[in-house]
Amino acid sequence: MAESEPSRRTALKVAVAAVVCGVIAGVGGWIAGSSMAPPRTITKTVTGPGVAKTITETVTKTVAGPGVTKTVTETETVTKTVTAGPKPSGPPIRIGHLADMTGALAVYGYSNNLILSKAIEYINAHGGINGRPVELVVEDTETKVATGTSKMRKLIEYHKVDVVIGSQHSGINIACNPIAKELKTLHLPIGEAYATTAQKGNRYVIRINNNVREQVKAGIEDAIKYVAKKWVTMVVDYAWGWSNEEEFRRYAPQYGGEVLKSIRVPLGTKDFMPYIAQIPKEAEGIFYAFFFGDFLSLIRDLHAVRPDLKQYCPICAPEGIDTETLGEAFEGAYVLSWFPRYLSEYDTPFNRKFREICGIDEKGKEAKTGKMLTLSHSWALWEAAFTLKRAMEEIDWKSKEDTPKLIEVLEDMSFKESLFHVQGEKFIRDVDHQAFMRHFLMHVENGKLKLVKIIPLEKSIYKPEVDYTKESF
Amino acid sequence: MDPMIAEFLNRFILVLTNGFIWALIVALVALGLSLIFGLMEIVNIAHGDLYMWGAVLAWYGVTLTGNFWVGVILAMAVMGGVGIVLERGALRPVEGIPAYTVVVTIGIGYILQQVALATFGGSPQKMPDPFPIVIEFLGVRYPGYRVFVAGVSTLALLGLWVFLFKTSIGLWIRASMQDREMANAMGVSVSKVYAVTFALGAMLAALGGALASPIVQVFYLMGYDLLVLAFIIVIVGGLGSLKGTLVAALIVCPLESVMTLIVTPTEARVISFLFMAAVLLVKPKGLFGA
């Protein structure tokens, strides 16, 4: 059979197609900058846990030009690792974060989780733990005890985490402590109620941040020296508030202070006036423990009705709030802080580096979003991650079976001030698993929290009431 | 005078003044609740959340413009509109069946709260002081904005009275409350009256929220506390009785406030409940219940 010749019509079609292709290619080349340069598409994919950044560049070259009827596409993949430090490998070590992402402590949850994830990112970029990558698993407590305990179980039983850090909520801490023991998992609570590492703790619970007894004890001498002798205490009516009231009443008389009256106010009280009306006339100073809105309500009405009262409070009161917006109501107050929020008040090279890594500005806000962080608490999450790294490397952690060894090495561990322990030197006391550290007395000047003095860690040490080291695993 | 007695008197004046100021704010919210129940038999569980949104919108208004009145007007205008939409969109089918309205308004309340959580956020905000002076009277210092708030509330209550008793819409509302069928038969558009009343109730709640916002913290769950108090007042006053609501507010709030001199404020709330129970024992339909 003879081959059929292409008809004239077909030939015309081919010719028109070729011309159209040429025109399109020509215009494309012209748009790309030069009619001779081929257009390049570069796709960058960043893979790998944390920062052992493997950048994959896919370069697609399209060779085309005016009058060229053939299009050639070449794809070239270049993979290069851009950071120093070995890439962690093997099965990941899983760290659970019991975070208060929503509910009353949501501001803490956001800040804590940000700082912890930056720490994990840093660890992964620097070889992980024992060369293994670290994986962060976050569960939200909704700042509720019932949800917190079920999320604690979920982290351990479902997500199979090796260690649990958090929450910030003392009630959740205390409720989760027995679960840690039951499921043989190390628990690093971040809340501050005294009982968490006293009557309500156990061998599986280690607190690397400070508690209310430490805080009150550390600050009391200066409070009486700088603020007042005759006091009234006003606290939020739940465990954390009571703890503050009890400790203040315990230590004030030892340093020549007198507590005239103690007033408890329910959480979220709409109007502080009836409570302020109860403050005795002869009181000189007020020690209070509230946070967020309660604190704001209190200081405004206090300023109107009793501007003569000198204020002293733990950092928890103005935490997460830009004090420069508070005006006269908070001016002159003394605040006991666990970590100054302004870089200028604690300008160490470690603090600078820490803030750079975490993206925190000089006022303690997240640089990217301008959100006020809860830095006086969130430092503990940063240090928790590096404390675990050091302890796990010391015992050559293999699996969760090594938890008893991990706890033993953490008991009596001490830390020098460093990038990883940016808050300052500290040590974990073996018997009650409580860490001791320095505190910072701050004074509100023009709305800024200015450092008055650093209170050395010795001031915060109290007599332990429990001995967990006698408890078997 | 004995200094002990003088100090007690000082405190007494402080808490009594405070009680009356709260009575005026709570009366606004409770009157809205009472109007809505009296006319449509809607037990509005979402009323506290309308109050909350009043505060939230006022906060936005003040934060954006720096003017307190802009906040108040914004809160009332928006919540009035929301009131009409809610009445038409969600409550119309269940009006007159109180049990159903409870379920529907609980749902509305949750939606209002969650929308506030998603937009306004979960942390409490403090409204800048619209009237930052301190008034000193008989040796008692008192924040000026609270007195200012009391003045505005009183004006609003007078305005409400004029609206209900001196305008034709007010007459229609009262007529429909008294006898719905008859009012309808006389040519009153009950459907319109319902929408207007619900909007009015929502606006009163919003006004209460806006006025309370400099005193309390603006928070997406702030409605609960007030809702409980508003219900105590509406029940003590007699369901649906506007006069009763106002009188009850002026009794319950100062009583609760003065009680805080002797017991804690939490126990004072318990006393309010006991007072409500006592009133209901003697007068089961409340002080002015029909």
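What radius of gyration does chain B have, and what would a compact globule with 290 residues have? In this predicted model, the radius of gyration of chain B is 19 Å, which agrees with the value near 19 Å for a compact globule, because that value follows from a length of 290 residues. Along the principal axes, the C-alpha atoms of chain B fill a box of roughly 65 × 50 × 35 Å. Buried residues account for 50% of the 290 residues in the chain, and, among the contacts in chain B with a separation of 6 or more, 75% are made by residues 24 or more positions apart.

The secondary structure of chain B consists of 11 helices and 2 strands, arranged from the N terminus in the order α-α-α-α-β-β-α-α-α-α-α-α-α. One of these helices, α8(B), covers residues 190–212 and spans 32 Å from its first C-alpha to its last, close to the 33 Å expected for its 23 residues at 1.5 Å a residue. This helix is mostly covered, with 19 of its 23 residues buried.

The contact between the two chains draws 21 residues from chain A and 23 residues from chain B. On the side of chain A that touches chain B, the elements giving two or more residues are α2 (106–125), α7 (273–276) and α8 (292–305) of chain A, and of these α8(A) gives the most, with 8 residues. By residue class, this side of chain A divides into 11 nonpolar, 5 polar and 5 charged residues.

Definitions and conventions: Residues numbered from 1 in each chain as written. Chains lettered and ligands numbered in written order. Predicted model: local features only at pLDDT ≥ 70, side-chain atom pairs only at ≥ 80, totals over all residues. Helix = DSSP H or I, 4+ residues; strand = E, 2+ residues; numbered from the N terminus. Expected span 1.5 Å × (residues − 1). Buried ≥ 20, exposed ≤ 12 C-beta atoms within 10 Å, placed from the backbone. Contact = placed C-beta atoms within 7 Å. Nonpolar A, V, L, I, M, F, W, Y, C, P; charged D, E, K, R; others polar. Rg over C-alpha atoms; globule rule 2.2 N^0.38 Å.
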